[in-house]
Amino acid sequence: MSELLRIEHLSKSFGRKQVLKDLSLSVESGRVYGLLGRNGEGKTTLARILMGVIPADGGVITFKGRRIGFGQSAYKREFGYVPEDPFFYEDMTIRGLVNFNARFYPRWDRKRIAADLERFGLDPKSRFGTLSRGQKLKLGLAVALAAAPEFLILDDPTSGLDVPTRQDFLRDVIRELAASGTTVLFATHLVHELERIVERLLVLHGGRLIVDEDFDKVKARHQASLEDIFVRLTAEA
Amino acid sequence: MFAALYFKEWREKALVFFFELGVLVALLAAPFLFRDRADVQEWLVYAILMIFFPFAALVLGAAGFETESGQGAWAYLFSRPVSRPTIWLSKFGALLSMFAALWLVFYVARAVLPSVAELAELPGFVFPMYDLGTVFPWWSLGLSLFLLMVAFSLSLLRGRQFNILVVALILGLLFPAVLWALVVSRTGGLMAWLAPARAFRTLLIGLILITLAFAGASLLTLKRSDFSQPGKQLRTFVGWLAAFLALAATVTVGSALFIPVPGERHLDFIGSADNWAVYCTERGLFSYDAASGRVRWLTKRQNALSWFNSIAKDRLAYTVKKLESRNDVTQEIWVTNTDGTGQKCLVGRDTPGAWLPDDSIRSLAISPDGRTIAILTESVSRHEKLKTWRTATLWTVNADGSGLEKRSLEAMFPDGPEENLYLAFAAWAREGKVLIIVKRCSREPVRWSLWAYDLERRTAIKLRDDAAPVSWWPLNPKSRDVLAVRHRHGDEWPGTLALLNLASGEETEIAGVGNLRVRWDPNEEKLLLIDRRKGPEARESSVLTVYSLAAGKAIAERTFTDLDDIYYGYWTTWMPDGQSLLAIDRKGRSLRILGPELEDAGRIDLPARIQKPSGFEVVGDKVLILASSKKSFRGSLWRFDLVKKSWKRLY
C-alpha cells in the first residue's frame, strides 16, 4: 500500500500546555486507522491541524508526497471531516447546506447524499438549528461522504448517536468506506467502538503517539480486549 | 467557491439589509410629509448622510463574522476547501454590495428628487476650510466605508456584536477625529489653514491607509492566527494593526511633507507695485517680495474671502465675509501692510459701531497715501416680483480703524432707489480728496456715468455721462489726476477711448476704439492700449499701441491680424525699465519681450508644465505667471527670474 499522508515532528501548544509533542505518523491509503486517546489528549487538535482549521506550532505534513501548509485549501477537496462538535449554520436548511457544500467538491455525489439523507431519515427542508445532535452528526457524515474523499477524518463521531445508529454506522458505513479504498482516521475515546473496524491502532498519550501498530499484532501480543490493552498501555506510558 | 460564500452571506444578512433598506426608504419618503418645513427636510437629508449611512455601515460590518462567532461554525467553514482570503473577500464583498445597494437607492433618490439633490451636499461645518460645492456627498460615503471596514475587521474578534459595534464606532470616529485634529492643529503645521488642498489630500490619504490597515490586519489575522485561541487571535490582530497603522502614519506624513499639491484653488492676482505683488488663493492673501523671493501669508482665509481688495502705499485693504452660521454673515473690512505686519480689523462685529448688517459691500478703495479706506455699500430698498430697487452709501474709515463715517450719495439718486444698480470706485483724485465713482443703471436704456465725490465738502457731482473707466485695476496713476475712460452708450462694446483730466475736467480722445484694459508704464508717462481698426477689405485688426502723454500721440504701434495674437493685447505689460514690454504668446507657448518700437526683442519658452498661462505680473526682476489647470478653479503660480533666467514653481 502507498503512503497517503505523512506527519513529521508535529507539535502544538495552547498557552503553556503542550498538546502534541513531536508527533510523527505515516498513513497508508485504503486502511482504517483507529486513534485512541483520553479526553484532552489532542485527538481533536490533530484532526483540526490536518484540516487546516488551526495552525501547528511545528512539524511537517505531506499528503500524497506534497507538503501541506497552513492556509492551503486545495488538498481539502480530497479530505472528508466530521467534527466532534457539529456546529454548522443554524439558519441553513439541510438542502441549503448540501448545495453550499456541493460547490466546493469536484467529485460531489448528489445521488449518494440523497440516498444517505433518506437512509438517516433527514428531511432536506429542515433547518440545521432544529436537528438533534445525532441528526447533526448524521448530516455531517452524509456531507463528508458525498464529497467522495480519499481520506476521511472522523473526530469522535459516535458519541452522540443512539445505539442502533451507532451500530449501523460502524458496521455498514465504515466497512463500506474501507471496501471502497477510502482511508479512514477514526478518532475516539470510546475504545470498544474501534474493535470491530480498526486495522491499525494509534494511541495518543501525553502528546505523543505511544502505539502505531497493526491492530492484529497488538491484540495478538497482549491477548486482551482493546479496552484492556488501552488501559494497560496508557498506564505503562 | 467565491460565489457560494458570497450568496451565503447575502442569505444570512438579508434581514439586516432589508431592515436598513426600509429605514432608508422611510427617511427618503419622510420629506413628503413635511412639504412646508424646509428645515425638517434638510435635517432628514443630513440624518441620512451623517447618521443613517455610518450606522448602517457599522451594523453591516459588525455582522461580518457574527454567524461563525455566535454559532461556532469556525471549524466547519475553515475545513472547507476554500482559502481564507477567499472567505474574507466573499464576506466583505457581500457586505460591500449590500452597502452599495443602499447608496444606489440614495443616488437614484438624489437624481429624481430635487429636494434631496440640493441638500445632499457637504455641510459647511464638516470641512470649513474646503469648499467642495454641490457635489455628490463623497464624505459620507467615505466615512461610511471606513466604518464598514473597521466594524468588519473587529467582527473577527469573536466579541458580542453590540461590543463590536461600540468599539467600532469609537475607533471609527476616533481615527478621523485624530487626523482632523492633526491637520487643523499646530502639530500638523496648521495645514488646514495654510494649505487646505494639502490638508484635504492628507485626510483622504490617511483615512484610506487606515482603512487598508484595518483590512490588512483582519485579513492576516484570519489567514494566519489560531481561532481556537481568542486571546492569541486578539493579540495577533492588535499586532498587525499596530504595524500597519505605523506604516499608514509614516506614509501619510510623508505624503504631506514631500508630495506637492497640484495647484491652489481660486488663485488670482490682486495687485502689484515696485518690488512686490499680492495674490490670493483659497487660503487667503499673499505677498511676493521680488527682492528676497519670499512669500508672505498676509491673511488667513476666514470662512470666505470676498473679492474686494485695494492696494496703495504698501498697504492692503480687503473685505472678509465671516460666517458664524448660515444665517449669520458679517462683512468685515481689514487692513494689513504688505509685509504682513499691522493686520487689523477696521470694521466688523467686534469693533465699535455696528456695521451695515443688511448692506452688501460693492467696492473698496484705499487712498494713494494709504491712510483712508473708502467703501461703497448697496442696500435693497424694495422688492417687487423679481425686481429689486437699490440705493448706495459711501463709507470712509481711517486705516487705523478710527473715524468711520457714513456719507450720503443721495445726489447720485435724484429719482430715489434704482433698479439693478451697479456702483464701483474708479479712481482717487486731487491727492485723495476726491473719489471717482462709476455708476451703471441696468434699467433700459442702460446708462453709465462718472461721478466725483468730494470728501471734504461731502458733495457728489456728475463728471460725465456715458463714460466708464477702461481699467479697473490699478485704478489710475498715482502721480497724475488723469483717468483713461471709455465712452460707451449703454452696453455697446467697445467705445471710444479718452483721457479725462480729473482736475480740469478736460478730455483728450486717444483712440477710436479702445478695447480691453490699459496699462500705465512704471513712470506713468505712457499708456499701453489696444486699438481695433478696420483694415483693407473691412477686415478688423488689433493694434497694440503705446500712447505718450508728453507727445500727445501714439509713439509705437504693432498690428495683429491673427485672432490668437489678440492675447498680445491683453497679456502684455511693461517691463521695470518702462521701455520694453513683456507679453504672453499663448500660441507659441512663450514669453515675448517687445522693444520700445514693439518689435520682437527676445523670447522665453514656457515650461511644459505650464499648460495654460492665464495671467502674469512683472515685479522687480521677476515675472509671476498664473497657470490654469484643466480642472476649474485650480491653478499654479510660477516665477521666472529675468536675471538668472530660471523658473521656479511657487505653488
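A: Two strands pair if DSSP finds at least two bridges between them. Helices (H or I, at least four residues) and strands (E, at least two) are DSSP runs, numbered from the N terminus. The model is predicted: local features need pLDDT of at least 70, side-chain atom pairs count only at pLDDT 80 or more, and totals for chains, interfaces and linings use all residues. Residues are numbered from 1 along each chain as its sequence is written, while chains are lettered from A and ligands numbered from 1 in the order in which they are written.

Q: Which residue is the bridge partner of L483(B) in β21(B)?

A: L500(B) is that partner. Six bridges join β20 (482–487) of chain B to β21(B), and the two strands run antiparallel.

Q: Why is β21(B) called largely enclosed?

A: Count the residues that are buried (20 or more other C-beta atoms within 10 Å of the residue's own; exposed is 12 or fewer, partly exposed in between; C-beta atoms are placed from the backbone). In β21 (495–501) of chain B, five of the seven residues are buried, so the rest of the structure largely encloses this strand.

Q: What order do the strands of the open sheet in chain A follow?

A: Strands of a sheet pair through backbone hydrogen bonds, parallel or antiparallel. Here four strands run in the order β2-β1-β4-β5 (chain A), with antiparallel pairing. The edges are β2 (17–28) and β5 (66–68) of chain A; each has a single partner strand, so one side of each lacks a neighbour in the sheet. From one strand to the next, the twist averages 25°. Between β4 (58–63) of chain A and β5(A) there are three bridges. I61(A) faces I68(A) of β5(A).

Q: Which strands stand at the edges of the open sheet in chain B?

A: First the order: four strands, β26-β27-β28-β29 (chain B), pair antiparallel. Its edges are β26 (572–574) and β29 (600–605) of chain B, each with a single partner strand, so one side of each is without a neighbour in the sheet. On average, neighbouring strands are turned by 25° against each other, direction ignored. Five bridges link β27 (581–585) and β28 (590–594) of chain B. I584(B) has L591(B) as its bridge partner in β28(B).

Q: At what angle do α3(A) and α4(A) pack?

A: Two packed helices are described by the angle between their axes and the distance between the axes. Axes are lines fitted to C-alpha atoms (for helices over the stretch in contact), with angles from 0 to 180 degrees between N-to-C directions. Helices α3 (110–119) and α4 (133–146) of chain A pack at about 160°, axes 9 Å apart. That makes α3(A) roughly antiparallel to α4(A). The cut-offs: under 35 degrees is roughly parallel, over 145 roughly antiparallel, 65 to 115 roughly perpendicular, the rest oblique.

Q: Which residues of α3(A) and α4(A) meet?

A: Contact means C-beta atoms, placed from the backbone, within 7 Å. R112(A), I113(A), D116(A) and L117(A) in α3(A) meet A142(A), V143(A), L145(A) and A146(A) in α4(A). By class, this contact has six nonpolar, no polar and two charged residues.

Q: How are α5(B) and α7(B) arranged?

A: Helices α5 (84–112) and α7 (138–154) of chain B pack at about 150°, axes 11 Å apart. F92(B), L95(B), F99(B) and W103(B) of α5(B) contact L141(B), L148(B) and F152(B) of α7(B). The contact of α5(B) with α7(B) holds seven nonpolar, no polar and no charged residues. For these classes, Ala, Val, Leu, Ile, Met, Phe, Trp, Tyr, Cys and Pro count as nonpolar, Asp, Glu, Lys and Arg as charged, and the others, Gly among them, as polar.

Q: How many residues does each chain give to the contact between chains A and B?

A: Chain A gives 22 residues and chain B gives 21. The side of chain A that touches chain B has 13 nonpolar, three polar and six charged residues.

Methods: Two residues are in contact if their C-beta atoms, placed from the backbone, lie within 7 Å.
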